[in-house]
Amino acid sequence: MGDEQRRFGEFVGVRRHGDETVGTVAELVLDRPKAMNAVSSDMARSIGAACEALAGDRDVRVVVVTSSNERAFCVGADLKERNSFSDAELVRQRPVARAAYTGVLDLPMPTIAAVHGFALGGGFELALACDLIVADETAVVGLPEVSVGVIPGGGGTQLLPRRVGAARAAELIFSARRVAAAEAGGIGLVDQVVGAGQDRDEALALAARIAANSPVGLRAAKRALRLGHGLDLRAGLEVEDAAWRSVAFSGDRAEGVAAFNEKRAPRWPGE
């Protein structure tokens with residue numbers, strides 16, 4: 001697939017793969033390799049800005065979050081920067097940091113993290129904010145924040161138990177331990193474990209398969225999955241019904257039914 005690139009500040013890039021025929025996949029690249037993608041204030045602003053642009057791009061069907069550093073997906077917050085902050089500066093920086101994590105979490109299209117090497121603290125929280133995590137066999141993940149006197153602040157205390165259950169999440173957060181790829185795959189911290197160096201290729205291939213489907217359907221399905229999680233069954237079914245109604249009379253539904261009956265590939269209008 002061809003690609004085009006756009007920079008968001010010094011530390012984040014977005015590459016676009018594919019076209020309207022196969023579906024556009026956007027690759028959000030964490031690109032602060034000298035710091036193993038430690039999230040500084042500048043990098044957090046760039047992640048937030050990139051996510052804001054992607055969220056408003058109706059051509060993008062799937063987002064894949066990747067890293068330009070060979071040894072790490074992201075090692076979390078930039079603790080060297082944090083060490084220089086006064087209390088007042090830390091308070092002012094908090095909304096900037098939160099916007100980066102919620103930016104990924106709130107993307108309306110399916111989102112995949114391609115993880116290798118270290119994904120720790122805020123780095124793992126960026127992955128947890130995605131819908132799916134593809135990790136290679138070098139991956140080491142964890143939320144070690146209590147070992148430095150804080151707690152996960154990028155969604156970890158809420159996202160991790162939704163993945164692995166309350167007790168397992170408590171053990172991982174309280175112990176601050178790091179989890180290697182094999183165990184991470186076994187307990188559901190990541191969704192797929194692949195060979196070393198294959199995480200990006202496998203995540204992009206998965207994204208391409210997803211992107212072949214209706215963009216209207218994908219966004220509605222994600223909305224139903226996210227909003228319905230944790231609700232009782234009847235409330236969840238109402239969320240699903242609302243999402244179904246949002247697509248039932250769309251151009252994508254009409255095209256999907258027509259393509260099926262005409263035995264051809266659909267040409268999604270995306271509306």
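**Figure 1. Strands β7 and β9 run parallel in a predicted model.** Strand β7 (residues 118-120) is joined to strand β9 (residues 140-142) by 3 bridges. Strands here are DSSP runs of E with at least two residues, and helices are DSSP runs of H or I with at least four residues, both numbered from the N terminus. Two strands pair if DSSP finds at least two bridges between them. Opposite alanine 119 stands valine 141 in β9. Both strands belong to an open sheet of 4 strands with mixed pairing, in the order β5-β7-β9-β10. At the edges stand β5 (72-74) and β10 (179-180), each with a single partner strand, so one side of each has no neighbour in the sheet.

The model is predicted: local features need pLDDT of at least 70 and side-chain atom pairs count only at pLDDT 80 or more, while totals for chains, interfaces and linings use all residues. Residues are numbered from 1 along each chain as its sequence is written, and side-chain values use heavy atoms, with hydrogens and water left out.

**Figure 2. Phenylalanine 124 is one of the residues that touch the most other members of the largest nonpolar core.** A nonpolar core is a set of buried Ala, Val, Leu, Ile, Met, Phe, Trp, Tyr and Cys residues joined through side-chain atoms within 4.5 Å. Buried means under 20% relative accessible area, exposed means over 50%, and partly exposed lies in between (1.4 Å probe, protein chains only). The core has 51 residues, and Phe73, Leu160 and Leu189 join Phe124 in touching the most other members. Helix α1 (residues 41-55) supplies the largest share of this core, 6 residues. Another core, of 14 residues, lies apart from it and includes Val62 and Ala207. Leaving out residues up to four places away in sequence, phenylalanine 124 touches Ala119, Ile133, Val141, Gly142, Leu143, Leu160 and Leu189; contact means heavy atoms within 4.5 Å.

**Figure 3. Strand β3 lies between two partner strands, β2 and β4.** All 7 of the 7 residues of β3 (residues 24-30) are buried, so this strand is largely enclosed by the rest of the structure. In a regular strand the side chains alternate between the two faces of the sheet. In β3, Thr24, Ala26, Leu28 and Leu30 point one way, and Val25, Glu27 and Val29 point the other way. Strand β2 (residues 12-17) runs antiparallel to β3 and is joined to it by 6 bridges, with glycine 13 opposite valine 29. Strand β4 (residues 60-67) runs parallel to β3, with 7 bridges, and serine 67 in β4 is the bridge partner of leucine 30.

**Figure 4. Methionine 36 and asparagine 37 have positive phi values.** Methionine 36 is in the loop between β3 and α1, and asparagine 37 lies in that loop too. Phi is near 55° for methionine 36 and about 65° for asparagine 37; neither residue is a glycine. Methionine 36 counts as buried at 18% relative accessibility, and asparagine 37 counts as buried at 0%.

**Figure 5. Serine 250 sits in the loop between α10 (233-248) and α11 (251-261).** At 10% relative accessibility, serine 250 counts as buried. A polar atom of its side chain lies 2.8 Å from the backbone oxygen of valine 247. The side chain of serine 250 also reaches the backbone nitrogen of arginine 253 at 3.1 Å. Beyond its neighbours within four places in sequence, serine 250 is in contact with Val216 and Glu271.

Terms used:
A polar contact is a pair of N or O atoms within 3.5 Å; within protein, one must be able to donate a hydrogen and the other to accept it, and residues adjacent in sequence count only if both atoms are side-chain atoms.
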